[in-house]
Every structure is written in structure tokens, then in C-alpha cells.
Amino acid sequence: MSHFTRPARSIARSPPAEITDDEDAPHGFYPRMSRCYSFARAAASGAVTKKHTDKGRDRSPMKDFAGKIAVITGGGTGMGRELARQLVAEGCNVAMCDVSEAAMAETKRLCEAEKLPQGLRVTTHVADVAIEDHLKRFRDEIAEQQQTDRIHLLFNNAGIGGGGSLFTNTREQWERTFNICWGGVYLGVRTFLPMLVAADEAHIVNTASVNGFWASIGMGQAHTAYSAAKFAVKGFTEALINDLRLHAPHVKCSVVMPGHIGTSIVANSRKVQSGDGSERLNADEVALTRKRMAAAGVPDADKMSDEDIQAAFAERARSFLEDAPTTAAQAAKIILDGVKAERWRILVGEDAKRLDERVRATPEQAYDRAFYESFTQEVGWRLG
Ligand SMILES: NC(=O)c1ccc[n+]([C@@H]2O[C@H](COP(=O)([O-])OP(=O)(O)OC[C@H]3O[C@@H](n4cnc5c(N)ncnc54)[C@H](O)[C@@H]3O)[C@@H](O)[C@H]2O)c1
């Protein structure tokens, strides 16, 4: 047991680590932020105190994003980009991070194409969410560039697929997916919690997936890293509901579970996994894709040339983006409406709703071929 153990009477009111409690605790009782940035200065000056934990108990949901500050991870493309655009359109300041500077520049350009209200800030920050030091640098840059010690909205949205098999993928690939999809969410909450608590009202939005309650992407493909990560995001966010209720009731949280959304995640995932930024598969990926297609029952997949495999991958990425039942813009609207309604579980798309119902109705059958085939037929999925 550490010497930081608190007396029992203060537990229910204790603030999260790194938040000072100027009434009950002697200075230094709670660990302080080691880095000097404006939030730490605000805390030291008494601007951020335990009083925040008494806020928001009877507060109505956050109906309006105007004038607020939102942090979005993975803002370069897809749902992150559309969240940024819609938030900016509502007059919300946005700070986004991504591994792709070029993609974020395009998101910023699109945000600015609508005439921004005067003084509204859209800032971009290169950061890998799996690396805590990158997130800390992102936080410090936000404090400086957005001139703030607090934020109102945190969208832990960055994620990649891939790395799904313990047999055919390397440990490095498996852990890259897991560390982005789970680690990025966990570290994002840890890093930004003090700034969320410092706001009058705040909301954490963690993106899981339907793979947060159903661990499959079809019969022909292993999907362990992504599913494990998304189940973790869902469990963490559900447990966070009460942690926040107890210690920071003015901060709410939601878990987002999208079905198939039209984004470039297929192409982006391989870029991030391989680190080469290329649109084309490397030799190992060509071999793996050929095997996966053969396992999925694609006729003569083992006889296809490398160029045919490249073309099949490009087609899969195109189809994932263009043939989806829900667009990224529609998904972002559903997510933001869910936040405004203060819903803790946000299912995105009719496919996600149907899958949720089916898994609840017949959990023991959820990984049977008949379940998969009947579900995909109903919603029109062509994945796997
Ligand atoms: N598209 C879908 O069908 C779908 C379904 C369920 C869940 N999701 C989840 O939604 C979220 C958004 O995905 P999307 O579909 O918009 O994909 P996307 O690829 O269009 O967007 C994800 C963004 O995150 C960025 N990114 C990837 N790794 C990163 C890292 N380590 N650090 C920082 N940024 C990183 C990418 O560069 C990209 O810009 C992800 O968490 C994904 O798992 C997507």
C-alpha cells in the first residue's frame, strides 16, 4: 500500500490524480503534474480545485458546442475529420492530432472552407496516440496554441485495423493495433482528464466498434487484436461512468460503436502498420492477403499474380469507403447528437443496431457461420 493512501472519509470526494484539493489536503498530497504548462499553473493558483467535483450533478446535457474546445485524435480522415468539420460549423474550437500531417492539413482546409467565426481556433498536432510522450506534447501544445487550461470534449477516435492473428501476424503487428486502439484511448483519457475536470462541463467520447461487443469480422479472417482492444474500450468507458459520477460528475462519457462506416480505414491501417505511407502492399502483405483470400474461399486466390492481389486490395479499400451503408459525415452527426442527448452508448448505423439486438438475442450462436451469413445477408455487409 502506498503512502498516498487517503483517509476513508475523503474517498468519495477525492479528485482524480493531478487535481489539487485545496481544502482537505496539504500541498503535495496529490501528485502534481511534472511538466510545467498552463493547467498546472492554474491548479497551483487555485483555479482548479475540488470544487469542480461538486459541479454538474443536476446539470442538463451539453446542448451547445459553440465556444467550447474539442480535442480529436485521428482527425486526419474519416469520422475524425467529419467530427472536426461539424464541430467547427457549430462554433467549437478544435485541436486534432494524427500521424499524418498532410491529412490533418486537408481537414483544417475543409474546416476553414466554411467561414470560421472570428477567433475560432483549429489547430493540428502530429502525435501517435500509442505513445504517451506524444500525447503529453499534444496536450502542452493545445494549452499553448489554444491558450487554455481546460477542454470540454475529448474524442478518442484514432484507430487502425489489422494485425489480427496470433498465427499469421507478427507480435509487433498485433501489439501495434492493440496499442493504438486500446492504449490510445486509455492514454488519451489519462492525459486529458485534468483539463476535462477543469472545465465547467465536459464529455469524453471513446470510439469502440461493433467489435466491442462482437469479436468477429467474418469467418475467413482472424480479428483478435482489434476485438480485444475494442472490448477494452467498451468495458473501460462503461466503468468510467461511475468513476466520473463519484469523482467528477460534471464530466460525462460515451462509448461509440459504429457498424460499417465509409472511411479509408482499410488503406490507412496498412499505412500505419507498415509505416511506409504507401498505397501499395509490400511483398509480405501480398503473400498474407493471398492466403487470407484463399481461406475466405476466393476462387483460385492461390494462383493470382502479385498485381492481381494489389488490385484486389485496392478494390477492397475502395469498396469499404464507397459502398458502406453509413457515411463518415452521417456517423459524426449521430455521435454528436448522442453527446448532446448524453447517451452513454452510441450505436452508429442500422447494421450496428441490428447486430447488437442479434448478439443479445442469441449470444451462444454469435460466432457460428449461420449467424454471420444470416446477419450479413440482412444488412448487406460484404466484408471479410
Ligand atoms: N470505419 C468503420 O467501419 C469503423 C467501424 C467501427 C469502428 N471504427 C473506429 O472508428 C475510428 C475512426 O476510424 P475511421 O473509420 O474514421 O478510420 P480512418 O482511417 O479514416 O481515420 C482514422 C484516423 O486515425 C489516424 N491514426 C491511425 N493511427 C494513429 C495513431 N497511432 N495516432 C494518431 N492517429 C492515428 C489515421 O491516420 C486516420 O487519419 C477508429 O477507432 C476505428 O477503429 C471504424
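**Figure 1. Strands E4 and E5 in the predicted model.** In this predicted model, E4 and E5 form a parallel pair joined by four bridges. Asn156 is placed opposite Asn206 of E5. Between these two strands the chain passes through helix H5 (residues 171-197), and the β-α-β crossover from E4 to E5 is right-handed.

**Figure 2. Burial of strand E5.** E5 covers residues 202-207. Six of its six residues are buried, so the strand is largely enclosed by the rest of the structure. Ala202, Ile204 and Asn206 point one way from E5, while His203, Val205 and Thr207 point the other way. The residues on both sides are all buried.

**Figure 3. Strands E5 and E6.** E5 runs parallel to strand E6 (residues 251-258), and six bridges join the two. Within this pair, Val205 stands opposite Ser254 in E6. The chain goes from E5 to E6 by way of helix H6 (residues 224-247), in a right-handed β-α-β crossover.

**Figure 4. The seven-stranded sheet.** The order of strands in this open sheet is E3-E2-E1-E4-E5-E6-E9, and the pairing is parallel. Strand E3 (122-126) and E9 are the edge strands, each pairing on one side only. On average, neighbouring strands of the sheet are turned by 15 degrees against each other, direction ignored. As background, strands of a sheet pair through backbone hydrogen bonds, in either a parallel or an antiparallel sense. The chain as a whole has 12 helices and nine strands.

**Figure 5. Strand E2 and its neighbour E1.** Six of the six residues of E2 are buried, and the strand is mostly covered. Asn93, Ala95 and Cys97 lie on one side of E2, with Val94, Met96 and Asp98 on the other, and both faces are covered. E1 and E2 run parallel and are joined by five bridges. Val71 stands opposite Ala95 in E2. Together, E1, H2 and E2 make up a β-α-β unit that is right-handed.

**Figure 6. Strands E2 and E3.** The pairing of E2 with E3 is parallel and spans five bridges. Val94 has Val122 in E3 as its bridge partner, and Cys97 stands opposite His125 in E3. Helix H3 (residues 101-113) carries the chain from E2 to E3, and this β-α-β crossover is right-handed.

**Figure 7. Helices H2 and H6 on the sheet.** H2 lies across strand E1 (69-73), E2, E3 and E4, and runs at about 165 degrees to E2. H6 also packs on the sheet, where it touches E5 and E6. The direction of H6 makes about 160 degrees with that of E6.

**Figure 8. Residues around the ligand.** The shell around the ligand holds 32 residues, of which Gly74, Gly76, Gly78, Gly159 and Thr263 come nearest. Helix H2 (78-89), strand E2 (93-98), H5 and helix H7 (265-274) each supply at least two residues of this shell. By residue class, the shell divides into 15 nonpolar, 15 polar and two charged residues.

**Figure 9. Two loop residues with positive phi.** Most residues other than glycine have a negative phi. Gln147, which is not a glycine, has a positive phi near 50 degrees. Gln147 is in the loop between helix H4 (132-145) and strand E4 (153-156). With 11 other C-beta atoms within 10 Å, Gln147 counts as exposed because the limit for that class is 12 or fewer. Glu342 likewise has a positive phi, near 55 degrees. The loop that holds Glu342 is between helix H10 (328-340) and strand E9 (345-348). Glu342 has 15 other C-beta atoms within 10 Å and is partly exposed.

**Figure 10. Burial and contacts over the chain.** The chain has 384 residues, and 43% of them count as buried. Contacts between residues at least 6 apart in sequence were also sorted by separation, and 74% of them join residues at least 24 apart.

Methods: Residues are numbered from 1 along each chain as its sequence is written. This is a predicted model: local features need pLDDT of at least 70, side-chain atom pairs count only at pLDDT 80 or more; totals for chains, interfaces and linings use all residues. A residue is buried if 20 or more other C-beta atoms lie within 10 Å of its own, exposed if 12 or fewer, and partly exposed in between; C-beta atoms are placed from the backbone. Two strands pair if DSSP finds at least two bridges between them. A crossover is right-handed if, with the strands pointing away from the viewer, the path from the first strand over the helix to the second runs clockwise. Two residues are in contact if their C-beta atoms, placed from the backbone, lie within 7 Å. A residue is near a molecule or strand if its C-beta atom, placed from the backbone, lies within 6 Å of it. Ala, Val, Leu, Ile, Met, Phe, Trp, Tyr, Cys and Pro count as nonpolar, Asp, Glu, Lys and Arg as charged, and the others, Gly among them, as polar. Axes are lines fitted to C-alpha atoms, for helices over the stretch in contact, and angles run from 0 to 180 degrees between N-to-C directions.
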